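Please read it alongside the sequence and the coordinates shown here.

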Amino acid sequence: MTGHAALAAAVALAALAPAARADRPGCTEITLRRAKPMMATIVTVIARGCEGDPLELRVREAFAEMARLAAILSEWDPGSAVSDVNRKAGLEPVRVPDELWEVLQAAQDASAATAGAFDATWAPLGDLWRFDLSPARVPAPEEVDRQRRLVGYRDLVLNPAEHSAFLARRGMRLGLGGLAKGYIAERAANLLVLRGVPDVLVAASGDIAARGRNGDRPWKVAVRDPRRPSGALAVVELRDESISTAGDYERSFTVGGRRYHHVLDPKTGYPASGTRSVTVVAPHGVVADALDTGLLVLGTARGREVVASIPGAAALFVDDAGQLHLSAAAERVFSLVPGAASSGAADFPEERPGAPDEEGRADDQALLPPNPAGPRHALHR
Amino acid sequence: MRGWAAILAGAVLAGAASADQVFLRESEIAGALFGDQAIGVPKTLDLSDVELGELSRTVQRKVEVRRYSYLEAWSGPADAKSPKRLLGYAFLLDVVGQSLPISFAVGVKSDGTIQDVQVMIYREPYGEEIRERRFRAQFAGKKLQDPLVVGKDIDAISGATISSASAAYAVRKGLALAQILGRRPGAPPR
């Protein structure tokens, strides 16, 4: 049988019946897909196994583990370890659980790599930029200046001997939305592998971790066009890796003809400019998730230098003109749509002055309380 | 129908195929939400005028739909002929998400608290690029007109974080419906 004929036959068979795994004789392969609202988004787990495997139970355990981790890492939960660090800012160091320690170390590494363009202490700025108000309000320059002074990753002191974290000044606050979902998705994927489910994909919305394969092919993830929700710019085959995207399109408002989005530059206190989106593929989810935000703030030129310094990382940048730029050697990771460029519009075509532009905000939601996650540099990447 | 109107509007605006990702089938709901041994018994709830008013007040918006599908979840081994104990209810609710309705299964325990919430169907407009000739070459067996299907050709999309605000609304509605159901004369014993 020729290669093409074999491929066609395989495709036809796959459409008719579940595949059999070569490493488990007698296996009738099945796929379990489950999705739950968590972490202010929808989290999907796709697990493959053989008929009779306790996949439902394993996936439930993975969701439970994600809920446990989210409870440690959420700055919106007053009982979380992060909230404890925030409450004791300027007062005393707090001994933190291993999970938070890992995330804070990764945050500091990302801050160092991006010269502070990613900063887990950004949260005081988040209070100023509200994307759920109508009419929207641009904070006064003096307010931005005041809050900006409370941001600074160098004043987050991690003590390895004590396993403690300390925010050195009163009023400082951590906000881990910029990297927590990437970390949590990978932890859930690892847990599934440890418990006998080697082929899984965990997607905390756009922050995705993959292990193993999806049957006879790798896991495939499309990268969204930042100006066209239904469009893809590239497809990535993940091999025990994670992918995350930061974009300027998620939450925004327009005042005086200018659009303000949610990815804030910790140094200026204002939304980053010059880049529409950045997608990072890396061996670890926490790295991909933290880097995408930092790179969006840094922009293409400096961003590419940073990516080159991170082992195993690759990035796709979409600049303000909609042009695509890859980091060095990233062409082997991102399979670009031929001729791809983000849709031509210089910016979003329909802007409503003074009203939040949150994507697709549905009127069903109009009477709901604002998303507790609120505005963010990072909280969604 | 609000849901269908939204689907059509979404398809026209996006100019792309709408891909439905099915996560949970009705036959799987009881097991997925209440544990592998749970048995689901499909039911329909028709609200009276008074109950519809109560539901609208509880969820803080005017609700016009009177008929709801739900399952009673009963304990007991899957092969048991007679169910033993009522574990709770699972309501099947459609709520408009980013642009298209998301179908949720909202599990409410028989004591009136939340058991679990899962997505049954997630819909989104997607899939123009597969029409591009060279790009579709990597998806064996695809025809020119075929959309790129999430859940088949690709497994996920890295991009905007999906808001789960609609889930909060589904939860409130599920809790309110369970309350109404529990107060009815002849409600199953808890």
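Helix 3 of chain B passes helix 5 of chain B in a right-handed crossing, where right-handed means that the near helix is turned clockwise from the far one by less than a right angle, and left-handed that it is turned anticlockwise. Helices (H or I, at least four residues) and strands (E, at least two) are DSSP runs, numbered from the N terminus. The model is a predicted one, in which local features need pLDDT of at least 70 and side-chain atom pairs count only at pLDDT 80 or more, whereas totals for chains, interfaces and linings use all residues. Residues are numbered from 1 along each chain as its sequence is written, and chains are lettered from A and ligands numbered from 1 in the order in which they are written.

| Helix pair | Axes come within | Crossing angle |
|---|---|---|
| helix 3 (residues 49-59) and helix 5 (residues 165-183) of chain B | 9 Å | roughly 145° |
| helix 2 (residues 55-73) and helix 7 (residues 180-194) of chain A | 9 Å | roughly 145° |

In the chain B pair, E51(B), E54(B), L55(B), T58(B) and V59(B) of helix 3 meet Y169(B), R172(B), K173(B), A176(B), L177(B) and I180(B) of helix 5, a contact being a pair of residues whose C-beta atoms, placed from the backbone, lie within 7 Å. The residues of this contact divide into six nonpolar, one polar and four charged, with Ala, Val, Leu, Ile, Met, Phe, Trp, Tyr, Cys and Pro counted as nonpolar, Asp, Glu, Lys and Arg as charged, and the others, Gly among them, as polar.

The crossing of helix 2 and helix 7 of chain A is right-handed. On the helix 2 side, the residues in contact include R58(A), E61(A), M66(A) and L73(A), and on the helix 7 side they include A180(A), I184(A), R187(A) and L192(A). The residues of this chain A contact divide into 10 nonpolar, no polar and four charged.

Chain A comprises nine helices and 16 strands, and 51% of its 381 residues count as buried, that is, have 20 or more other C-beta atoms within 10 Å of their own, with exposed meaning 12 or fewer and partly exposed in between, the C-beta atoms being placed from the backbone. Chain B has five helices and seven strands, and 45% of its 190 residues are buried.

The largest nonpolar core has 154 residues, and V103(A), V202(A), A90(B) and F104(B) have the most contacts inside it; such a core is a set of buried Ala, Val, Leu, Ile, Met, Phe, Trp, Tyr and Cys residues joined through C-beta atoms within 7 Å. Leaving aside neighbours within four places in sequence, V103(A) is in contact with residues including L73(A), A180(A) and V286(A).

A115(A), which is not a glycine, has a positive phi of about 50° and is placed in the loop between helix 4 (98-113) and helix 5 (123-126) of chain A. H163(A), in the loop between strand 4 (156-159) and strand 5 (164-167) of chain A, has a positive phi near 55°.

Terms used. Axes fitted to C-alpha atoms, helices over the stretch in contact; angles between N-to-C directions. Contact = placed C-beta atoms within 7 Å.
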